[in-house]
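This report covers selected residues, the cavity and pocket linings, the nonpolar core and the chain totals. The sequence and the model come first.

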Amino acid sequence: MRKFKLLTGLLLLSAAATAAAPQAEPSVTATCGSAAAERVTSVADEPQQPAKTVNQRRAERGISSVSNLFVPKGQWIFGGTISYSTHNNSDYDVLVIDDITSEGYTFKVSPMIGYALGSNSTLGVRFIYGRTLLKLDGANVSFGDGDSSTDLSVDYYYALRHSYSLAAVYRRYIPFGDSKRFGIFTDIQLLFGGSQGKYAADSPIKGTFQRGFDFELGVSPGLIAFATNNMAVEVNVGMMGIGYSRVEQVRNQVTTSTRHQSAMNFKVNLLSIGLGVSFYL
């Protein structure tokens, strides 16, 4: 009986010690596992961002952004350039050319009309007409001195040429930052044209009649400044392009000849600098 009581006491002490020991908290572990599962699920549910297109990356530069509005859609543009110059020389000397007696003029007009198809972009048409006259009554050219000198003289020379061209022009405007007054532009021009000329020289007179055809695709950047809300002054210069020309000649109404020329230029053409005024209505 004493052994049974002793065994019962030991069992009671063991049960009391087990009850007094700290118990694990399974609820915390379950909570942590649930939060991790939620994070994994949320990451998996997030939509993947698609890669940006070329147009979207170009818009980030601001060049094609319509937020920098310079020329609004639906606006009409009228403008053009005109130039006229004359010269008259009487026994004039310049460098190695002596006794120049000549007269002549150069006239050029280029009206343009355009329409803004979209913000900061226009499409237009330009007509170009030019006329040049030179009448030379005498000139002498001398090279060297003494026995080694070379003398050339011209008693009579006459040249009359006029040209006409029609061009389709696409223009893109880029304002300087947020400026509404100053900006740059780029013209892409497709041009078709022709020309006629009459040339005569020597005595007795030998004459040449010439007819030509021209084609050109070129790029002309420029600057523009609005003097008022509707009037702007612009200057542009030919920079690059490709062209083709064909010329037919008839000399003394007997002999005929032709010339073909094609060219590709990637340089600034200082002879094509243009200054004009345009009106935005």
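Thr-208 is found in strand S7, where strands (E, at least two residues) and helices (H or I, at least four) are DSSP runs numbered from the N terminus. Thr-208 counts as buried because its relative accessibility is 18%; the term means under 20% relative accessible area, with exposed being over 50% and partly exposed in between (1.4 Å probe, protein chains only). Leaving out residues up to four places away in sequence, Thr-208 touches Gly-197, Lys-198, Tyr-199, Gln-249, Val-250 and Arg-251, a contact being heavy atoms within 4.5 Å.

The model is predicted, so local features need pLDDT of at least 70 and side-chain atom pairs count only at pLDDT 80 or more, while totals for chains, interfaces and linings use all residues. Residues are numbered from 1 along each chain as its sequence is written, and side-chain values use heavy atoms, with hydrogens and water left out.

| Residue | Location | Relative accessibility |
|---|---|---|
| Asn-120 | loop between S2 and S3 | 1% |
| Ser-121 | strand S3 | 9% |
| Val-169 | strand S5 | 6% |

Phi of Asn-120 is near 65 degrees, a positive value in a residue other than glycine. Most residues other than glycine have a negative phi.

Ser-121 is in contact with Tyr-115, Ala-116, Tyr-170, Arg-171, Arg-172 and Tyr-173, neighbours within four places in sequence being set aside. Ser-121 and Pro-72 are 49 residues apart in sequence, and their C-alpha atoms lie 8.4 Å apart.

From Val-169 to Thr-186, 17 residues along the chain, the C-alpha separation is 9.8 Å.

Strand S5 also holds His-162. Residues up to four places away not being counted, His-162 touches Tyr-129, Gly-130, Arg-131, Ser-195 and Gln-196. His-162 and Tyr-129 are 33 residues apart in sequence and 7.4 Å apart in space, C-alpha to C-alpha.

**Cavity and pocket**

Cavities and pockets are found on a 1 Å grid over the protein atoms alone: a cavity is a set of points where a 1.4 Å probe fits but cannot get out, and a pocket is an open set with protein on both sides within 12 Å along at least five of seven lines. Lining residues have an atom within 4 Å of a point. Grid points are joined across faces, edges and corners, and a volume is the space filled by probe spheres set on the points.

The structure holds 1 cavity of 30 Å³ or more, and the volume of the largest cavity is about 80 Å³. Its lining consists of Ile-77, Met-112, Gly-114, Tyr-115, Thr-122, Leu-123, Gly-124, Arg-126, Val-169, Arg-171, Tyr-173 and Asp-187. Strands S2 (97–118), S3 (121–143) and S5 (157–175) each supply at least two of the lining residues, and the largest share, 4 residues, comes from S3. By class, this lining has 6 nonpolar, 3 polar and 3 charged residues; Ala, Val, Leu, Ile, Met, Phe, Trp, Tyr, Cys and Pro count as nonpolar, Asp, Glu, Lys and Arg as charged, and the others, Gly among them, as polar.

The second largest pocket has a volume of about 160 Å³. Its lining includes Leu-69, Phe-70, Lys-180, Phe-226 and Tyr-280, and divides into 5 nonpolar, 4 polar and 1 charged.

**Nonpolar core**

A nonpolar core is a set of buried Ala, Val, Leu, Ile, Met, Phe, Trp, Tyr and Cys residues joined through side-chain atoms within 4.5 Å. The largest one has 11 residues: Phe-70, Val-71, Ile-77, Met-112, Ala-116, Tyr-173, Phe-185, Ile-224, Phe-226, Ala-232 and Tyr-280. S2 and strand S7 (206–226) are the elements that give two or more residues to this core. In soluble globular proteins, nonpolar side chains tend to be buried together. Beyond four places in sequence, Val-71 is in contact with Ala-116, Gly-118, Ser-119, Asn-120, Thr-122, Tyr-173 and Tyr-280.

**Chain totals**

The protein chain has 3 helices and 9 strands, in the order α-α-α-β-β-β-β-β-β-β-β-β along the sequence. Of its 281 residues, 22% count as buried. Of the contacts with a separation of 6 or more, 63% are between residues 24 or more positions apart.
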